[in-house]
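Subject: Structure handover and notes

Hello,

Please find the structure below. My notes on it follow, grouped by topic.

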Amino acid sequence: MTHDDVIRLEDHYDSGLYPKQPLVLVRGAGARLWDADGKEYIDCIGGHGVANVGHANPAVIQAVTEQAQRLMVCPNGFYNDQRAQLLAALIRSAPAGLERAFLCNSGTEAVEAALKFARVSTGRTKVLAAMRGFHGRTFGALSATWRKQYREPFEPLVPGFEFVPYNQLDRMGQALDEETAAVLLEVVQGEGGVIPGDGDYLRGVQALCRERGALFVVDEVQTGFGRTGRMFASEHHDLQPDLMCLAKAMAGGLPVGAVLIGSRVADLPKKSHGTTFGGNPLVCAAALATLHYIQAEALPQRAATLGARLLDGLGAIPSPQVRQVRGLGLMVAVELKVRAAGYLAALAERGVLALSAGPNVIRFLPPLVISAEEVDAVLEQVAAVLEV
Ligand SMILES: Cc1ncc(COP(=O)(O)O)c(C=O)c1O
């Protein structure tokens, strides 16, 4: 199939929900991607922060290949070796206080499950979420998602959700009361524009939750698995969430999600929640290999070092178009005074794929295996498009 054939076919039969760039991506390795015409790109999208261990990671390929030949499906009513090992490995890698895990298939499902667990555990219904926050597209997660464009076409949403400004502890203090089941926050707001949470604010919210009997739910779907320079972004601020939502990078590219559950969460009633595919052996084997790789290759430290290189380099670009450069680890953004779309297209032309986070923000979420030379090549191209 030619490049044009693929675009025609996909445009004809796809739902039409996604605005698309006219690129047909067919192959990846490490932090590189290739299109159908053989053109090479440095990938700073990473499947939207999924490909932390790199495209076509050999350890993940081997784990998936071996497990596919052994067993792909095992209902949650039975035990499985891969699942048991993954659950243990996840909890060992997580912040203190998280003791058990529920496995599912995506970020929105993890958030959905955490919201249900918070309600059933506290017997309360109110949920506080942050302005500019993003948590997913299913009804519960969408009800906690800020942007009107995502919410309004589908109202009425789930009742009981309220939004408070991010990084303002006094406003959280006013809203959090005896009816609040949960506060749901990102440690760095991703889709909202790459806005790092303040440590004092996040610890303050956690303390308020403890004081008033609510559960502190942290959404690490985008920040998890080394992205911000620590295995989980919660570690930057010594947070001990009651529920932690994970997905994206967890299984080296395969669909996955998880909720880690802390000791303040009551025992969950049997059969009150569940999923067919969650915890299937194939994805568990991929996730186990991914987790081992991230730890063995010290990818969080790598994200910290190369993230600082990217952040400093972007900050040094002398462009009147730049309002602010910010980020944590390899979750980095350039906020422009103008729209980002034209710059993203110009970067793609020059062999660098980056993404937006709102209309004015260029966001970088490269695989954590990206090399220093590749980071420098990205900086060179960003400078070339921004300096004109
Ligand atoms: C912080 C956060 N939570 C939840 C989600 C939803 O994840 P998914 O697209 O896997 O449903 C995303 C997706 O970008 C996210 O960034």
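A residue is called buried here when its relative accessible area is under 20%, exposed when that area is over 50%, and partly exposed in between. Glu335 has a relative accessibility of 19%, so it counts as buried. Please keep in mind throughout that this is a predicted model.

Strand 14 and what follows

Glu335 belongs to strand 14, which covers residues 331–336. Its side chain makes a polar contact of 2.7 Å with the side chain of Arg326. Arg339 sits in the loop between strand 14 and helix 12 (341–349). Arg339 has a relative accessibility of 61% and therefore counts as exposed. From C-alpha to C-alpha, Arg339 is 21 Å in space from Leu310, and the two are 29 residues apart in sequence.

The ligand site

Which residues are around the ligand? They are Ser106, Gly107, Thr108, Phe134, His135, Gly136, Glu186, Glu191, Asp219, Val221, Gln222 and Lys248. By type, this shell divides into 2 nonpolar, 6 polar and 4 charged residues.

Some contacts can be given atom by atom. Gly107 has a backbone N or O atom 2.8 Å from an oxygen atom of the ligand. For Thr108, a polar backbone atom is 2.8 Å from a ligand oxygen. Gln222 takes part through its side chain, where an N or O atom is 2.8 Å from an oxygen atom of the ligand. The ligand taken alone exposes 390 Å², and the protein buries 81% of that.

Helix 5

Gly107 and Thr108, listed above among the residues around the ligand, are also among the buried residues of helix 5. This helix runs over residues 107–122, which makes 16 residues. From its first C-alpha to its last it reaches 23 Å, close to the 22 Å expected at 1.5 Å a residue. Besides Gly107 and Thr108, its buried residues include Ala110, Val111, Ala113, Ala114, Leu115, Phe117, Ala118 and Ser121.

The ends of helix 5 can be described as well. Ser106, another residue around the ligand, caps the N-terminal end, with a side-chain oxygen 3.3 Å from the backbone nitrogen of Glu109. After the helix comes Gly123, whose phi is positive, near 70°.

Helix 10

Helix 10 covers residues 281–296 and has 16 residues. It reaches 22 Å from first C-alpha to last, close to the 22 Å expected at 1.5 Å a residue. Is helix 10 mostly covered or mostly uncovered? It is mostly covered, since 12 of its 16 residues are buried.

How many disulfides does the model have? The count comes to 0. A disulfide requires two cysteine sulfur atoms within 2.5 Å. The sulfur of Cys245 has its closest cysteine sulfur in Cys104, at 8.3 Å, which is too far for a bond. Cys245 is buried, with a relative accessible area of 0%. Cys44 also counts as buried, because its relative accessibility is 1%.

Backbone geometry in the loops

Most residues other than glycine have a negative phi, and most peptide bonds are trans. Some places in this model depart from that. The peptide bond from Glu155 to Pro156 is cis, with omega near 5°. Pro156 lies in the loop between helix 7 (148–151) and strand 6 (161–164).

Ala56 has a positive phi, near 55°. This residue is in the loop between helix 2 (46–49) and helix 3 (58–70). With a relative accessibility of 48%, Ala56 counts as partly exposed.

Asp238 has a positive phi too, near 55°. Its place is the loop between strand 10 (215–219) and strand 11 (243–246). Asp238 counts as exposed, at 63% relative accessibility.

Strand 7

Thr180 is in strand 7, residues 180–186. Thr180 is buried, with a relative accessible area of 0%. A polar atom of the Thr180 side chain lies 3.0 Å from the backbone nitrogen of Asp177.

Regards

Key. Residues are numbered from 1 along each chain as its sequence is written. This is a predicted model: local features need pLDDT of at least 70, side-chain atom pairs count only at pLDDT 80 or more; totals for chains, interfaces and linings use all residues. Side-chain values use heavy atoms; hydrogens and water are left out. Buried means under 20% relative accessible area, exposed over 50%, partly exposed in between (1.4 Å probe, protein chains only). A residue is near a molecule or strand if one of its heavy atoms lies within 4 Å of it. A polar contact is a pair of N or O atoms within 3.5 Å; within protein, one must be able to donate a hydrogen and the other to accept it, and residues adjacent in sequence count only if both atoms are side-chain atoms. Accessible areas come from the Shrake-Rupley method with a 1.4 Å probe; for residues, only the protein chains shown count as cover. Ala, Val, Leu, Ile, Met, Phe, Trp, Tyr, Cys and Pro count as nonpolar, Asp, Glu, Lys and Arg as charged, and the others, Gly among them, as polar. Helices (H or I, at least four residues) and strands (E, at least two) are DSSP runs, numbered from the N terminus. The expected span of a helix is 1.5 Å times one less than its number of residues.
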